Number of protein chains: 2
Amino acid sequence: MEKTKILVVDDESRMRKLVKDFLVRSNFEVLEAEDGAQALDMFFADQSISLIILDVMMPKMDGWQVCREVRAYSQVPIIMLTAKTNEQDELLGFQLGVDEYISKPFSPKILVARVEAVLRRSNGNASENVLSAGDITIDKTAHIVSVGDEQIELSYKEFELLAYFVENKGIALSREVILNHVWNYDYFGDARTIDTHVKKLRSKMGDRGEYIKTIWGYGYKFEC
Amino acid sequence: MEKTKILVVDDESRMRKLVKDFLVRSNFEVLEAEDGAQALDMFFADQSISLIILDVMMPKMDGWQVCREVRAYSQVPIIMLTAKTNEQDELLGFQLGVDEYISKPFSPKILVARVEAVLRRSNGNASENVLSAGDITIDKTAHIVSVGDEQIELSYKEFELLAYFVENKGIALSREVILNHVWNYDYFGDARTIDTHVKKLRSKMGDRGEYIKTIWGYGYKFEC
DNA sequence: GTTGTTTTTCACAAATTAAACATAAATGTA
DNA sequence: TACATTTATGTTTAATTTGTGAAAAACAAC
């Protein structure tokens, strides 16, 4: 497998070298940039960069600015290197879409651990936003469901219910469990409301309505 | 099976005790920490902790910070206890990788339900819920029974009964015992109803129906 | 407010299962 | 073998659960 590419941006070459060493030892590929402008050039030139580590304090263009520019075009994970973290900075950072902070000085272990954590998170979430089962595709971000090449219109609850079914395909789900997940835990209504939604889902899904199977005396199960 | 270990972090001992009581009653093992530092120590010392429940408001190190530190190394599920959830908090929390929120005050039912939901999610539903005996396989999660390569359709009670037999293979089960386990303790019907279900099971299982053996004057036994 | 949509509830028919029953078959015992 | 007891089985009945259409309620948009 390809090594994961990380762009390290810092004006001090000593710091760049340090970070690079740690990361290379953990089997990452590292690119270096010594200022914001160069970083942006490199990032937009190389589509395969998976993570950016950004020093906050840099002459000319500081880390926040670089972050802002990157975020205008990309959701690539960003880790900020800060001298000391104060709340003000963090708030700003999270608004800009910073994924993680590391305050200097840091241990190699912390650096690598956070890098891996951020990468894990970003990989995981991306794929979790599109669910599929057979020829059914559910885009949770866009709130769109496709059956075959047809797109179908679902209401909010119907969408949530179908997404829950697909997330748990092959698993028998009792009405109670369904209620607790798709509705709120403090919902005290009738469990039969599930039946009504299942009915609508089945009819909107046409042939594929059969995928929602009844488990008599228990609940439902989604299975292609 | 080992009990699932949960770390509860809250500076108020009253709240810790409350949460612990609910969880212990639901058969979890609970560790307590009264501040963030202690929590981190305990978490990194004990690799078998399956879930962390974190109060947001704590002196010294708050819940967010604890969360951040844990997430730097681990993907363990985290549930946050909040006084009241505002959007700002949630946004921050989800960026930090919080799995679930519970706002105070909460009911025991809600607490336990969310804990179980989060654990189920994190296990990827890869739970060990498959029983087998000879070439009979019972997937309790999917509610599917296979005999050889054939899948057979069982009603709810039949399924429960067969699962009970297989869970107790080789053991002679009296009608009374069977009634108490597969039916409810408050069932006052005729014990002969078991016979009817055994009859249907045997016929649906074909050859393997013989595995359900009659113990004359007592009950039944499952044996390959 | 009014209108339109979504969600929930309700009522009843249809489907399915569980339980009861009656009788035949099997088992154990004297 | 004969008899009492227990189990197997086919059938019937009762109970439960689900599907569905329509009405009511809740919610949003205008």
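The largest nonpolar core holds 30 residues, of which Leu7(A), Val9(A), Ile52(A), Ile53(A) and Leu54(A) touch the most other members. A nonpolar core is a set of buried Ala, Val, Leu, Ile, Met, Phe, Trp, Tyr and Cys residues joined through C-beta atoms within 7 Å. A residue is buried if 20 or more other C-beta atoms lie within 10 Å of its own, exposed if 12 or fewer, and partly exposed in between, with C-beta atoms placed from the backbone. The model is predicted: local features need pLDDT of at least 70 and side-chain atom pairs count only at pLDDT 80 or more, while totals for chains, interfaces and linings use all residues. Residues are numbered from 1 along each chain as its sequence is written, and chains are lettered from A and ligands numbered from 1 in the order in which they are written.

- Leaving aside neighbours within four places in sequence, Leu54(A) is in contact with Val9(A), Gly63(A), Val66(A), Cys67(A), Ile78(A), Met80(A) and Leu81(A); two residues are in contact if their C-beta atoms, placed from the backbone, lie within 7 Å.
- A second, separate core has 28 residues, including Leu23(B), Phe28(B), Ala39(B) and Val98(B).

**Chain A as a whole**

- Chain A has 8 helices and 12 strands.
- Of the 224 residues in chain A, 28% are buried.
- Among contacts in chain A between residues at least 6 apart in sequence, 55% join residues at least 24 apart.

**The three-stranded sheets**

- In chain B, an open sheet of 3 strands has the order β10-β12-β11 with antiparallel pairing; two strands pair if DSSP finds at least two bridges between them.
- β10 (172-174) and β11 (212-215) of chain B each have a single partner strand and stand at the edges, so one side of each is left without a neighbour in the sheet.
- On average, neighbouring strands of this sheet are turned by 30 degrees against each other, direction ignored; axes are lines fitted to C-alpha atoms, for helices over the stretch in contact, and angles run from 0 to 180 degrees between N-to-C directions.
- The antiparallel pairing of β10(B) with β12 (residues 219-222) of chain B extends over 3 bridges, and Leu173(B) has Tyr220(B) as its bridge partner in β12(B).
- Helix α7 (residues 175-182) of chain B lies across β10 and β12 of chain B and runs at about 80 degrees to β10(B).
- In chain A, an open sheet of 3 strands likewise has the order β10-β12-β11 with antiparallel pairing.
- Its edges are β10 (173-174) and β11 (212-215) of chain A, each with a single partner strand, so one side of each is left without a neighbour in the sheet.
- β10(A) pairs with β12 (residues 219-222) of chain A in the antiparallel sense over 2 bridges, and Leu173(A) stands opposite Tyr220(A) in β12(A).

- The surface near DNA strand C divides into 5 nonpolar, 9 polar and 7 charged residues; Ala, Val, Leu, Ile, Met, Phe, Trp, Tyr, Cys and Pro count as nonpolar, Asp, Glu, Lys and Arg as charged, and the others, Gly among them, as polar.
- DNA strand D is surrounded by 17 residues, the closest being Asp195(A), Thr214(A), Asp195(B), Lys199(B) and Thr214(B).
- The elements that give two or more residues to the surface near DNA strand D are α8 of chain A and α8 of chain B, and α8(B) gives the most, with 5 residues.

**Two individual residues**

- Ser107(A) is in the loop between β5 (100-103) and α5 of chain A, and Ser107(A) is exposed because 10 other C-beta atoms lie within 10 Å.
- Ala117(B) is in helix α5 (residues 108-122) of chain B, and Ala117(B) is partly exposed, with 18 other C-beta atoms within 10 Å.
- Leaving aside neighbours within four places in sequence, Ala117(B) is in contact with Asn180(A) and His181(A).

Methods:
Helices (H or I, at least four residues) and strands (E, at least two) are DSSP runs, numbered from the N terminus. A residue is near a molecule or strand if its C-beta atom, placed from the backbone, lies within 6 Å of it.
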